[in-house]
Amino acid sequence: MRDATLIITESNINDANEKLQSMENCPLEVLYRNLCWFFYELYLTKKRVLVLVLPSSLPRAHIINQIQRKLCALYGFNMIDMHKCYQQNALIEFYECYDRDHPLPFIMRSLGANIIAHLPSFRDSKDNVHFDKIPEFKVIAPNALEGSNTLKTYRLENSAFCEVAYRIPPHVRLKFPVSLVGYTPIAIHTWNCEEGRLFSIANGSCEGYVHYSQILFSNRQTTLSKESCGINTTLECNYTNAFCIDEESFVSYDCDDNAEHKETQFMIHCWFSYAQGVRKPIAPIKLGALYLCGILLAKGDVSFESVDFKHLANEQILLQEELSFDFLIPDVCILKEELLKFCKILESKECAQMQQNISALNAQLQATNAEFVKLQNAHNVLIQAANEEIKKAQSAYNMLLNEANTRISAQNHQINALKEEIQRLQDLRMQEDS
């Protein structure tokens, strides 16, 4: 950042889409305080700053956008307010048809090219802006904690990031040194994995989101746990005022899930499967360890400023004309028209091809049906012939059976006659003997 010509920042989508979800329920006061800190730290760099406000249809995005507009006006930061531009031109629905959380790539490429082309035009920040409630910040790695010398480390990297993660197994407690007493955890940086194997989020996979771990902060007064998913992520702590490091403060893997203060991460619990057309939630998978990269700490005044958010939501915030760079936004109205024309042309071509395919399938179906009828008729003829043969055979069988019965009857008659003759002869012989 020391060599940067321009610092570009954007966070309104993540703040609105996740942190204000009912599951995370991050207080607006925390978001406001953290944004105030962030913008002031950007101001202290004495670099030119450009803030992007991306479009969002989420109602809760409005207050986040208002906070960022107010801070831009305070410090004299440059701004591209895409949300306002898209809202005025009824383009947000079109913008979100691709992906509600991520901009259309070809629009952002064009915007990036416009920003580069106008780098000399961006203004410096205001002079002599003071913010009194800024604490002392410190970022520590797990190896700064007592007992970390036994931890296994992993060098994790992908196409965008390279980090060192410390594996904290169950029942291992890392103690904050005395030098950190009085600090408050503001955010955690984790990259959870499986013994160095990264989880995938490519091609719609939710593996990196449903796999998660939990960090546990404990001191003499209370315990605070926070979930973190299986991708490289930095998460703000919501209950920062509830925890302050004392002489008996520890960091560990939360395997018991019974902390006094629990913070969930929306991204872990929002996935569904659609097997056989049935929508079922995908159960999160808790890992057997925590992979911690670092902790952001703050010492000093970390309290919340009293803000009338209802008033802020309706406030007309005026940014100096020379700080507004909305004109760099690509003409999305024209892009939309051209894209719709292209879609219609593509649709007509696809429809024509589909109609040809349907005609070919219909012809194939008719031929199959004709062949089926032919086979069915042949089958019926064979069945009829077989039935006739069966009838003939049955008739012949009956004739043979009747003839056999007649012969048997005649033979029985002869046998009976012979039996009677034998009896008569026996009777005569007995008379002669007597």
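Tutor: Start with a definition. On a 1 Å grid over the protein atoms alone, a cavity is a set of points where a 1.4 Å probe fits but cannot get out; a pocket is an open set with protein on both sides within 12 Å along at least five of seven lines; lining residues have an atom within 4 Å of a point. This is a predicted model: local features need pLDDT of at least 70, side-chain atom pairs count only at pLDDT 80 or more, and totals for chains, interfaces and linings use all residues. Residues are numbered from 1 along each chain as its sequence is written, and side-chain values use heavy atoms, with hydrogens and water left out.

Student: How much space lies in the largest cavity?

Tutor: Grid points are joined across faces, edges and corners, and a volume is the space filled by probe spheres set on the points. The whole structure has two cavities of 30 Å³ or more. Tyr-32, Arg-33 and Trp-37 are among the residues lining the largest cavity. Its space is about 60 Å³.

Student: How many residues of that lining are charged?

Tutor: Ala, Val, Leu, Ile, Met, Phe, Trp, Tyr, Cys and Pro count as nonpolar, Asp, Glu, Lys and Arg as charged, and the others, Gly among them, as polar. The lining of the largest cavity has four nonpolar residues and one polar. The charged residues number four.

Student: What is the volume of the second largest pocket?

Tutor: Its lining has 17 residues, with Gln-66, Arg-69, Asp-81, Lys-84 and Ile-317 closest to the centre. Five are nonpolar, seven polar and five charged. The volume is about 380 Å³.

Student: How far from Cys-193 is the nearest cysteine sulfur?

Tutor: A disulfide is a pair of cysteine sulfur atoms within 2.5 Å. The structure holds zero of them. Cys-193 is buried, because its relative accessibility is 1%. The nearest cysteine sulfur belongs to Cys-293, at 8.8 Å.

Technical notes: Buried means under 20% relative accessible area, exposed over 50%, partly exposed in between (1.4 Å probe, protein chains only).
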